[in-house]
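Subject: Structure handover

Hello,

I am passing on the structure we talked about. Please look it over, then read the notes below.

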Amino acid sequence: MTKTYGTLRVLNGIDLDIADGEYLTLVGPSGCGKSTTLRIIAGLETQTTGDVEIDGRVVNEVRPSRRDLAMVFQSYALYPHLTVRQNLVTPLQLRDMNFWQRIPLLGYLAPGRRAKMSKIEDDMRWAAETLKIEPLLHRKPGQLSGGQRQRVALGRAMVRNPAAFLMDEPLSNLDAALRVHMRAELSELHRALGATFVYVTHDQAEALTMSDRMAVMMDGDILQLGPPDEVYEDPRDIRVAEFIGSPKMNILPGHGDSAGRITALGVAVEEALAEPSEGPLSVGFRPEHLHIQPEDTGACFSGRLTYKENLGSDVFLHLAVEGIEVKAVIRAKPHEADFAEVGEDVWFSGEAGKARVFGADGKRVALTEPQLQRKTG
Amino acid sequence: MMARTNWLGEFLKHSVLLAGAIVVLLPFYLMLSYSLKSPAEIESNTGGFVGSQEIMTDRRCIKAGKPPEECDMRPIVYNYTAAFSEAPLVRYMLNGVFVTVSIFVIQVLVALPCAYALSKLKFWGRDVVFGLVIFCLLIPVHAIALPLYIMLAKVGLTNTYAALIIPWTISVFGIFLMRQFFMTVPDDLIDAARMDGMSEFAIVWRVMLPTAIPALLAFGIFSVVAHWNDYYWPRVVITGNRDLMTPPLGLRMFKSDLDGNEYGPMMAATTVIVLPLVIIFLLAQRRFIEGITMTGMK
């Protein structure tokens with residue numbers, strides 16, 4: 001499946017190839033154009049320039065219902081006046097039955113209706129069984145809980161057996177526990193169906209946990225496209241680095257010199273620039289790559305501990321560090337941080353080889369291997 | 001101390017409300033009371049609410065040459081039989097039902113697609129069109145009555161049902177009300193219907209109509225009450241043919257046709273005409289309030 005398009009304002013030229021059977025997530029803050037992208041794929045909005053191709057066929061002029069796609073909406077968008085069963089059956093009736101066969105009562109006389117009805121019934125049963133919503137078939141959407149509505153919305157997409165599922169923040173109306181549960185279910189469903197999923201979310205955790213590949217979008221551009229591990233470990237842009245991961249990556253203002261040496265907040269960092277040049281840099285450490293130190297071992301940063309966020313398995317230490325506006329966050333095991341008291345000054349250091357350095361333009365800067373630089377650094 | 005001020009406040013509140021209720025209900029009380037009493041009791045203002053219900057003699061019945069024992073009846077029976085026999089009240093009521101129902105159905109047929117387009121479709125000049133709708137809300141019907149009448153007369157439609165119905169088929173109020181309601185329907189629902197393969201018209205009738213039932217009921221009450229009770233327009237376009245008269249016009253028959261003050265049968269006829277509306281309102285009361293407050297979906 002190939003899609004290429006570029007619209008003028010919201011999307012500044014996007015090029016996206018989605019493989020068959022892939023779980024692709026479009027993730028980004030609100031207003032970044034991810035929903036617009038999805039709606040263009042669905043055909044609910046038209047692109048200004050560019051083409052949308054599905055299975056090698058250009059579908060620019062094809063109506064949404066003829067693109068063989070199914071969409072799951074954030075608000076579920078179930079027909080409120082129809083039962084769950086009718087909600088599941090309606091898309092099939094509209095697709096498979098002709099005008100005469102759809103007429104109430106009279107339609108029973110139309111030729112070929114019986115065979116189609118039983119096929120539709122089978123499809124509906126299959127979807128209901130897969131999603132375990134059979135007991136709900138006679139209810140109306142108003143009588144269902146959020147999670148149940150979510151399943152019905154999924155079912156309505158499933159019955160059509162589409163070329164791809166388009167999902168627009170389907171989990172964001174659910175409560176936190178159910179959301180985590182549905183993440184797992186959606187991944188399972190994807191595996192079971194073997195279908196292509198295009199999933200839009202603003203929640204980086206959903207993107208990381210569920211997708212085969214994720215596209216991080218910001219201001220109408222795809223900043224980085226790749227598997228979740230790669231995007232997390234190897235962000236190509238400072239905006240990606242800050243957006244993906246929770247708590248956020250700590251960005252420390254730094255400096256590079258013509259010899260390739262890097263300092264952050266005046267402290268030397270073990271890595272060195274592959275292409276040395278003089279100028280300001282941003283040095284990023286993920287919270288798990290900062291370590292609290294009982295004393296200054298050299299090459300340590302210092303900050304005042306303002307808050308200890310205890311999660312049981314981990315403790316997040318929030319530090320006010322001179323020179324940066326936001327609080328630095330360190331992820332530590334509870335026993336590692338026993339000695340630190342709120343209000344005290346503490347030392348912390350960055351893990352070797354884990355610094356991600358960005359240039360003044362926000363792009364990643366290549367580094368040499370830290371082992372080679374250890375002596376000179 | 002507290003209790004006393006509260007008591008005073010409650011007393012004031014209730015006396016104001018009570019006075020308001022009396023002002024509103026008194027005409028209905030008189031209507032009902034007169035429809036039960038004999039002419040003599042009405043004239044002398046005696047007999048309380050229901051009157052003494054003594055056997056009275058129908059003078060016109062005697063005049064018609066029938067035996068006196070057939071012309072003796074209780075006032076309540078006299079009033080209500082006279083209401084139905086002196087004028088074709090049933091015919092008027094059926095006219096009223098036909099006209100109000102036709103008007104409402106066509107109003108819905110026009111207003112729903114219009115409201116859908118104004119609320120959910122994006123097209124050039126939409127806001128201007130909606131502005132015109134609001135503007136039309138401000139024009140009183142009486143201002144355009146004369147041109148309307150002339151137009152209907154030119155095409156020869158005066159003294160027809162069409163004259164009673166056609167001018168009201170496009171209700172800007174209905175378009176406005178439904179548009180406001182449709183604005184609360186999530187766009188996702190419409191997109192979902194499009195993905196399912198519904199045409200825009202199918203969306204209006206199969207998705208928007210069922211979700212808009214509360215709003216439609218509210219509009220229905222407004223529309224039916226307004227056109228059932230309308231005296232002005234039928235009076236303008238129905239000039240000769242008594243078969244086309246609506247209930248309010250029919251009431252006029254009592255006033256002009258009967259000699260003397262036949263208030264009893266007239267009030268009986270009024271009661272009969274008002275009754276359907278009261279019943280409809282009581283049945284749909286809850287829905288009506290729902291529609292007005294526009295709680296809508298979710």
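How many residues of domain 1 of chain B are in contact with domain 2 of chain B? Eight residues of domain 1 of chain B do so, and they meet seven residues of domain 2 of chain B. Please keep in mind throughout that this is a predicted model.

Chain B: domains

The bounds of the two domains in chain B are 2-74 for domain 1 and 87-293 for domain 2. Their C-alpha centres lie 33 Å apart. On the side of domain 1 of chain B that touches domain 2 of chain B, helix H1 (2-34) and helix H2 (39-44) of chain B each supply at least two residues. H1(B) gives the largest share of that side, with three residues. By class, the residues on that side of domain 1 of chain B are five nonpolar, two polar and one charged.

Chain B: a helix pair

Helix H7 (residues 126-137) of chain B and helix H10 (residues 172-183) of chain B have axes that come within 9 Å. These axes cross at roughly 130 degrees, and the two helices are therefore oblique to each other. The crossing of H7(B) and H10(B) is left-handed. From H7(B), the residues that take part are B:Val133, B:Ile134, B:Cys136 and B:Leu137. The contact of H7(B) with H10(B) has eight nonpolar residues, with no polar and no charged ones.

Between the chains

The contact between chain A and chain B takes 17 residues from chain A and 14 residues from chain B. On the chain B side, helix H11 (187-196) and helix H12 (200-211) of chain B each supply at least two residues. The largest share of the side of chain B that touches chain A comes from H11(B), which gives seven residues. That side of chain B divides by class into eight nonpolar, two polar and four charged residues.

Chain A: domains

Chain A is also assigned two domains, with domain 1 covering 2-233 and domain 2 covering 247-373. Taken over C-alpha atoms, the centres of domain 1 of chain A and domain 2 of chain A are separated by 41 Å.

Chain A: the six-stranded sheet

One open sheet in chain A has six strands in the order E6-E7-E8-E3-E9-E10, and its pairing is mixed. Strand E6 (69-72) and strand E10 (221-226) of chain A are the edge strands, each pairing on one side only. From one strand to the next, the twist of this sheet averages 15 degrees. Within the sheet, strand E3 (residues 23-27) of chain A runs parallel to strand E8 (residues 196-201) of chain A, and five bridges join them. A:Leu26 has A:Val200 in E8(A) as its bridge partner.

Chain A: the five-stranded sheet

A further open sheet in chain A has five strands in the order E15-E19-E16-E17-E18, with antiparallel pairing. Its edge strands are strand E15 (290-293) and strand E18 (328-332) of chain A, and each pairs on one side only. The twist here averages 45 degrees from one strand to the next.

The pairings can be taken in sheet order. E15(A) runs antiparallel to E19(A), and four bridges join the two. In this pair, A:Leu290 stands opposite A:Gly350 in E19(A). Strand E19 (residues 345-350) of chain A also pairs with strand E16 (residues 301-310) of chain A, in the antiparallel sense and over four bridges. There, A:Gly303 has A:Val346 in E19(A) as its bridge partner.

On to the next pair: E16(A) and strand E17 (residues 315-320) of chain A run antiparallel and are joined by six bridges. A:Lys308 has A:Leu317 in E17(A) as its bridge partner. What lies between E16(A) and E17(A)? The two strands form a hairpin with four residues between them. In the turn, A:Gly312 has a positive phi of about 90 degrees.

Regards

Methods:
Residues numbered from 1 in each chain as written. Chains lettered and ligands numbered in written order. Predicted model: local features only at pLDDT ≥ 70, side-chain atom pairs only at ≥ 80, totals over all residues. Axes fitted to C-alpha atoms, helices over the stretch in contact; angles between N-to-C directions. Parallel < 35°, antiparallel > 145°, perpendicular 65-115°, else oblique. Left-handed = near helix turned anticlockwise from the far one by under 90°. Contact = placed C-beta atoms within 7 Å. Nonpolar A, V, L, I, M, F, W, Y, C, P; charged D, E, K, R; others polar. Domains from an automatic or database assignment. Pairing = 2+ DSSP bridges.
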